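Please keep the sequence and the structure in view while reading.

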Amino acid sequence: MSAVADDPRKTLLEAGARLAARAGGLRDLTLPLLTQAAGVSEAGFNAAFASLDDFRRQLLRHMMDVVRAEVLATAAGFGRPGFERMWHTVEAFLDANLRHPAMRRLAYEMRTDPVAIELLRQRMAGYAMVFKTELAALERPNPGGAARLATAMIVEAAKAEHETGYANAEVRRALYAFLKGYAG
Amino acid sequence: LPASEPPRTHEHRAERLALLEAGCRLAERGVLEQPVPAVIASEAGLPEGFYHACFRDGREYLQALHRYFLREILRQVIAALAGLPPGVQRLQTGIRSFLDGCLQLQGLRSLLLRLESSPEVFEEARRRRRGFLEMLRLEFKAAGWAHPEETARLYRVMVEEVALAELEARQELPVMRYILWQFLRGDAW
């Protein structure tokens, strides 16, 4: 049995990711374009997703899952919690975002979609939990609050780098200076 | 509108302001989810016709409310900064004034944030953030920070995040403000 028949949902998401990477987003996505690229029938699409909007949301979630897995895999192999590991994790996050520009592009396209906004907020809260662990090791006051602010800033840095398309030394220096300022 | 028709913003200045202040009061009471001309005019103590003379539709009214919010906050920040030399203290004073202003107008700010899922309000909000960003950039530059543009962009989102946290709590959060100042202790000065 083919992979398509095994899991049309996954096949459609992977095809959507390829299309988004090629076109720099999914603004012009149509159902025929997607099903043709995936080799899945429209009936197969309808069984897996409620609508194209639902598909875009699920694809955004899928892409963010891929980025998060890369970030956590990098962080896990790097010693004990603390500033050094936190900075390593921050750079892993920025690098992963640069490797997956379609994810950030899709997030921008969906900036006024309430479901996508909530999804992004949940994801930020998840990263804030990761950074809280690192900041708690510094024994500074209120690591939870600091992690919330730091996460907002780190995501903004990723957006800035997405706009230029490369690892921006000035952005990373500014980010480092703020984080070092907090760490003391 | 036909090109020959004068812009509505130049007509009925006093009534326009009264209608915006009325919207602000309604937002603070949590009863302005969608602009209803009769309710707004009644709150302003004006005949409903003034609403239609000043604003083309609800969308234009909300955009004007956004600008009203920005003007009020800016007025407070500029007043707070007067006479202070560039540096951390001036930066903190301006940000504290911004956060205080957001709390004073929390009903309006909360409404405007909820409405950002509509593209026209989102665009207005983006313009507001760009203005705030430029102010911060100039402050960081005057204070001698190494990369003022990048620095301002990153710091702005932390300030907005504190404003959001205070909006959620409906009160000042001294600990969050303290953390915000802690991020300024880096060696980039």
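Chain B has 9 helices and 0 strands, where helices (H or I, at least four residues) and strands (E, at least two) are DSSP runs numbered from the N terminus. The model is predicted: local features need pLDDT of at least 70 and side-chain atom pairs count only at pLDDT 80 or more, whereas totals for chains, interfaces and linings use all residues. Residues are numbered from 1 along each chain as its sequence is written, chains are lettered from A and ligands numbered from 1 in the order in which they are written, and side-chain values use heavy atoms, with hydrogens and water left out.

The C-alpha trace of chain B spans about 60 × 40 × 30 Å along its principal axes. Of the 189 residues in chain B, 51% are buried, a term that denotes under 20% relative accessible area (1.4 Å probe, protein chains only). Contact means heavy atoms within 4.5 Å; among contacts in chain B between residues at least 6 apart in sequence, 67% join residues at least 24 apart.

The interface with chain A comes next. Here 33 residues of chain B are in contact with 32 residues of chain A. The buried area between the two chains is about 2700 Å², with carbon and sulfur atoms giving 67%; this is the accessible area (1.4 Å probe) that the two parts lose on being put together, summed over both. In chain B, the residues that lose the most area to chain A are B:Arg153, B:Leu154 and B:Phe183, together 26% of what that side buries.

Between chain B and chain A the rule finds 5 salt bridges, each requiring a side-chain nitrogen of Lys or Arg within 4 Å of a carboxyl oxygen of Asp or Glu. One of these joins the side chains of A:Arg148 and B:Glu168 at 3.2 Å, N to O. On the side of chain B that touches chain A, α7 (119–142), α8 (148–169) and α9 (174–182) each supply at least two residues, and α8(B) gives the most, with 13 residues.

A:Asn168 lies in the loop between α9 (143–164) and α10 (169–183) of chain A. Why does A:Asn168 count as buried? A:Asn168 does so because its relative accessibility is 8%. A:Asn168 and A:Arg56 are 112 residues apart in sequence and 29 Å apart in space, C-alpha to C-alpha.

Terms used: Buried means under 20% relative accessible area, exposed over 50%, partly exposed in between (1.4 Å probe, protein chains only).
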